[in-house]
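Dear colleague,

Please find the structure below, followed by a summary of what was found in it.

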Amino acid sequence: MTKDKEQLNIIKGRVWKYGDDVNTDVIFPGKYTYTVSDPKEMAQYALEDLDSDFAKDVQPGDIIVAGKNWGNGSSREQAVTCLKEAGVGAIIAKSFARIYGRNCINNALLAITNSEAVDAIQNGEEIEIDVAAGQIHCAAGSFSFPPLPANVLNIIQAGGLIEYTRRQINEK
Amino acid sequence: MPQTFSEKILAQKAGLSCTTPGQIVEVTPNVALSHDNTAPIYGIFKKMGGKKVFNPDMHAIFLDHAAPAPSTKHAENHKIIRQFVREQGIKNFYDVGRGISHQLMVEEGLALPGEIVLGSDSHTPHAGVMGAFGAGIGRSEMASIWALGKLWLRVPESLKIVVHGQLKPGVTAKDLALYVIGDLGNDGGLYLSVEWHGEAIQALSLSSRATLPNITAEMGAKNSYIPPDQVVFDYLEGRAKRPYTPIYPDANAVYARVVEYNADDIEPMIAAPHRVDNTRPLSEFAGTRIDQAFLGTCTNGRLEDLAAAAAVLQGQKVASGARMIVIPASAQVYLEAMEAGYIKTFIEAGAIVESPGCGPCMGNHMGVPAVGEVTISAANRNFRGRMGTRDSEIYLASPEVVAASAVAGEITAPDTINN
């Protein structure tokens, strides 16, 4: 629980900045979807066809900053799992593909939509996200984002939909 | 309050009188669709502490993505699913070779007007061809539905697409779909519920219509709906798994956006690598060399599509140095194509006919291209690496253009092939 709380308070890390319309086939290639099931191994293939340095160099807490429609394409959840497992602390994008955005919530990976912040943040800089305060702090200034809806917060606070559902099953 | 289709169906299923966009509702789907990913979902379900599924009759499970299994790993995956289906008493199970989930949902009378289909597959909006609310969800969400029987959904804003007039001869629903995506962009329907209206839509056969909600996933839409009419009701006669009640949007419903097209303006289209919205008229690509032509998938693997391709291939040969792969979307399509003589035409033309399923669409097997090769495909995605090879190119087109290009060995219009 302390870990969850920590995750939800302050996220601090280096920025990996990408453009518009990055699809799930380059985040996690389709050819691995039925042959790779260990999340640790998934992390090795994260962004393989987009940025071959990413999986090697990503550090826990690093933040992906992207343009519009991040994660469009397939519904594959591995495209979130591989980033979560690689240590990504949050994704800030101009917009998220619908299923991708849901998958983020379900894997307790913070997905923030804020176009102005995306334009302002530079690749490689260190930024900080204050989740409770709804603030993004970067070299160019601070940007705010709206609080998460209660149901979304419940799932993220539980550590993801798996744990959330497990608790619901136990309550029954 | 006047409601769009999605506002109305989500209100009804959530037991509310109305809903507004942005509202979060909890619904129990009529159908929970999963495919080869049923095995990993089962893993998540167990991790959640799930033992018996909430309602075995809610499930529809299809082995289509890598079917029959191309490797031991895939085969083990299928084995786990067959075991799960037996243990849980799931009746709507379609084993390898029966066909692609979205096609079978329609053929088997599982996708019904006024119902909600949630599927762990991004092309679940396909069910909208029958007037259902079909939306793709993730694996954990599917496992949670298995356990709890419900899921939260955000009520989407709606996009109304109206297509006036009639498509010209030689222009297909695929061309219309590519034209619209090219116009609106791959995020033109992001988060939105898309409704297809207008006389050009109603004039299409059920098979042609299916291409529209299928490919709307490529615009980021949540679901995609065609108002069900007599064509749908006739098709469902004796086929529907349950009695159903259609749901229609109110005439004065509020849409986030209304877009109108004239069907006359549309000509045969191509989506060039590596984006589905990278669409331009076919004429601009004439002469582009191809190595492989692929006819099949949930987008264009139906009898009508095979008939259109067979008409082009009749008495013709696939160009030397090129190859053509044909995969009927279901066993039923395969059988009917055989009875109609299309399969014979394909084989005589030198094409390869493979067993029903998704085939090489997402690069699992049955026609993965080599580095540098070019594929013209009747599928719905041309992303880099989609067919299993990063440095290869995929052009998307209608079945007749795929067939004509196979004969010419380069992208070409069907009317250049003499029959």
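I begin with chain B, where Tyr191(B) sits in the loop between helix H6 (173-184) and strand S9 (193-197). Helices (H or I, at least four residues) and strands (E, at least two) are DSSP runs, numbered from the N terminus. The model is a predicted one: local features need pLDDT of at least 70, side-chain atom pairs count only at pLDDT 80 or more, and totals for chains, interfaces and linings use all residues. Residues are numbered from 1 along each chain as its sequence is written, while chains are lettered from A and ligands numbered from 1 in the order in which they are written.

Tyr191(B) is not a glycine, yet its phi is positive, near 65 degrees. With 19 other C-beta atoms within 10 Å, Tyr191(B) is partly exposed; a residue is buried if 20 or more other C-beta atoms, placed from the backbone, lie within 10 Å of its own, exposed if 12 or fewer, and partly exposed in between. Leu47(A), in the loop between helix H3 (39-44) and helix H4 (54-57) of chain A, also has a positive phi, near 60 degrees. Leu47(A) is buried, with 23 other C-beta atoms within 10 Å.

Chain B has two cis peptide bonds to report. One runs from Ala67(B) to Pro68(B), with omega near -5 degrees, and Pro68(B) belongs to the loop between strand S3 (59-62) and helix H3 (72-88). Another joins Pro273(B) and His274(B), with omega about -5 degrees; His274(B) is in the loop between strand S12 (269-271) and strand S13 (279-281).

Turning to the interface, 35 residues of chain A are in contact with 41 residues of chain B, contact meaning C-beta atoms, placed from the backbone, within 7 Å. Helix H9 (161-171) is among the chain A elements that give two or more residues to this side, and H9(A) gives the most, with seven residues.

In H9(A), Leu161(A), Ile162(A), Tyr164(A) and Thr165(A) are buried. Seen down the helix axis, these residues fall within an arc of 160 degrees, so they line one face of H9(A); the arc is that of the directions from the axis to the C-beta atoms. On the other side of H9(A), Asn170(A) and Glu171(A) are exposed. The buried residues of H9(A) pack against H6 and helix H8 (150-157) of chain A, together with helix H2 (38-47) and helix H5 (139-148) of chain B.

Yours sincerely

Note on methods:
Contact = placed C-beta atoms within 7 Å.
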